[in-house]
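User: Could you walk me through how to read a structure like this one? I would like to take it feature by feature.

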Amino acid sequence: MDSLRLPQPMAAQNCKEDHNERHGNMSKEVKASPAHSTLALIEGEDTDPWDLPELKDTGVPWSALDTKGKVLRVLVSVAKLALLLGFLYMFICSLDILSSAFQLVGGKAAGDIFQDNTVLSNPLAGLVIGVLVTLLVQSSSTSSSIVVSMVSSGLLTVQLAVPIIMGTNIGTSVTNTLVAMTQAGDRSTFRRAFAGATVHDFFNWLSVLVLLPLEVATGYLYVVTKLIIDSFKIESGEAPDLLNVITDVLTESIIQLDQSVISGIATGDPEARNKSLIKKWCQTFTNTTLMNVTVPGPENCTSPSLCWVDGNYTFTLKNISDTHNIKKCTHLFVNVNLPDLAVGLILLALSLLVLCSCLILIVKLLNSMLKGQVAAVIKKILNTDFPFPFGWVTGYIAILVGAGMTFIVQSSSVFTSAITPLVGIGVISIERAYPLSLGSNIGTTTTAILAAMASPGDTLANSLQIALVHFLFNISGIILWYPIPFTRIPIRLAKGLGNITASYRWFAAVYIICCFFVLPLFVFSLSLAGWQVLVGVGVPLIVMLIIIVVINVLQKRKPGCLPAALQSWDFLPLWAHSLAPWDKVVGVITAKCCCCCKCCQLAADNKEHRDKESVENNKKSHTAVYDNPAMSAEKEVENEINLELKILKITRI
């Protein structure tokens, strides 16, 4: 028993020794390099972390190459460009499949959320529902189409749909924020990439904070768009297919969804709940005939003239539609007998894998291609302003470029996710990424307007008005937060958040979880509790937040205006005004998890070693008892003696 108990303290001792050894090495490293850390601090004071880095060309200059080397370099550059376009194509397709996967996982839940019209009557609840549904389906166009279908069917008024449209604008900005998380390996790259992604978030949140109360008080967006719809006689048209023509070839061969199912659930169709989102039949024929049908009573007839009674039965003429399936779809999951949730989880895992892989490869290719003169030219074109006095025009041209590129790819998530790595590696500055993101917001609304123009004549006005609400919301936000340099608050907020996440990288995950999940769910739960609870809890929190922001501004700008106690936050506990204690907690938890994993591994190895030794000992004892030749000979002699004794007894008898 004592021998079996020895390895456990040995495992703990080994773990403790490894832990002490690791801490000893860390302390040695810290003691051995004070000069380097001091130099880094001195350099950090002189250099601005937001300055674009120099992309140095480490290869052989073009002039030093011979003819063969020049031809080879051109071929390599062409191959890299082809690979870059290929990875970008796969990246866009993976985003499309990711949207389909989210719809399979949470599409029906999104339809159920939209169905509760009593909740949607609360503007804050409508805003949060727009955010959450867009997060569920990862597509603002899908959530907007649900809103359009509800308004067209009369289940939702345009006034109630306005906050939901604002929410979809916020929800669609989470994709590029998640893309920025993949660049957490390098501190400076992560600082720029995360700031470039969150500048879009801050613009959307600040626009909602100003325009939602304005809309509730005055109906500004509804009134203006109503005047536009009434003033212009707009005919129905067709929304163009641009990039979808190329990407649908791949995405539709993997999965196709029936978008009418989510809209049917949202509009209260009982048959839609039992249908699968996976499209089975791509070509159908619907035959509508006028038939005699029985109804419970005369009040259920289509009209008094088309209603008659025969005995106990009431008959009326009604159009009956009969759908015939003609041609099956050809995607991968058309014949798979799996529920929507299982297919959605499979596609979710695969699309995330492809998306992250393509993004990493795109960043590596861009790093290898954007060197020397090429990098200098691209950076100069993207980040240089026009000469005085036309420098102010540059930002508005960037807005138009962002709108045009988003109109081509028909997805703001794709465009903003594509420029995020460029911001990270230092090709595009934050100041230039900001107007590009604003233009992306406009570009995605123009696509929605063209799609709304394809609606039937009886629902065209409402559909187009909602699309114009989305457009006017973004234009109003740009007017608020861009023309005057002082009002470009999202850039300063994004840089501040970038500095925090560069020092504490775990804070990026906290930001995403809190802003896109915890905060919307908290506001939604307060909205469900009623106006009294919402005002009673929300107003004190907002007042406290405003006071904290004002004190922070005064501490930096005019600390003399504040009392001595409020000139700094030192009177509070350190954990209440600094992330350093929380960083230590995260570090301790991580270290303990690693230590526990290592100790468990050592214990498992020791147990395996003990089991192996016991098996070997059993084998040895088995061999010693049964396979030892000396023991076998003695046993044979003993058997012979016993046999002779038995024979003697028998003969005596």
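Analyst: Happy to; we will go through confidence, the core, the surface and a charged pair. This is a predicted model, in which local features need pLDDT of at least 70 and side-chain atom pairs count only at pLDDT 80 or more, while totals for chains, interfaces and linings use all residues. Residues are numbered from 1 along each chain as its sequence is written, and side-chain values use heavy atoms, with hydrogens and water left out.

User: What does the protein average in pLDDT?

Analyst: pLDDT is the predictor's confidence in each residue, from 0 to 100. Here the average is 75, and 70% of the residues score at least 70. Helices here are DSSP runs of H or I with at least four residues, strands are runs of E with at least two, and numbering starts at the N terminus. The protein has 25 helices and 3 strands.

User: Over which residues does pLDDT stay under 50?

Analyst: Residues 1–46 stay under 50, and the model has 12 contacts for them beyond four places in sequence; a contact means heavy atoms within 4.5 Å. Residues 619–633 are also below 50, with 5 contacts beyond near neighbours in sequence. Where pLDDT is low, the predicted coordinates should not be read in detail.

User: Which residues touch the most other members of the largest nonpolar core?

Analyst: In soluble globular proteins, nonpolar side chains tend to be buried together. A nonpolar core is a set of buried Ala, Val, Leu, Ile, Met, Phe, Trp, Tyr and Cys residues joined through side-chain atoms within 4.5 Å. Buried means under 20% relative accessible area, exposed over 50%, and partly exposed in between (1.4 Å probe, protein chains only). The largest core has 89 residues, and those with the most such contacts include Phe91, Ile255 and Tyr434. Helix H10 (residues 187–218) gives the most to this core, 13 residues. Among the residues that Tyr434 touches are Phe203, Trp481 and Pro490.

User: Is Trp392 buried or exposed?

Analyst: Trp392 counts as exposed because its relative accessibility is 59%. You will find Trp392 in the loop between helix H15 (372–383) and helix H16 (393–409).

User: How many salt bridges does a search of the whole structure find?

Analyst: A salt bridge is a side-chain nitrogen of Lys or Arg within 4 Å of a carboxyl oxygen of Asp or Glu. The search finds 1: Lys495 with Glu431, at 2.6 Å from N to O. Lys495 lies in helix H20 and Glu431 in helix H18 (residues 430–453), 64 residues apart. Glu431 is partly exposed, at 37% relative accessible area.
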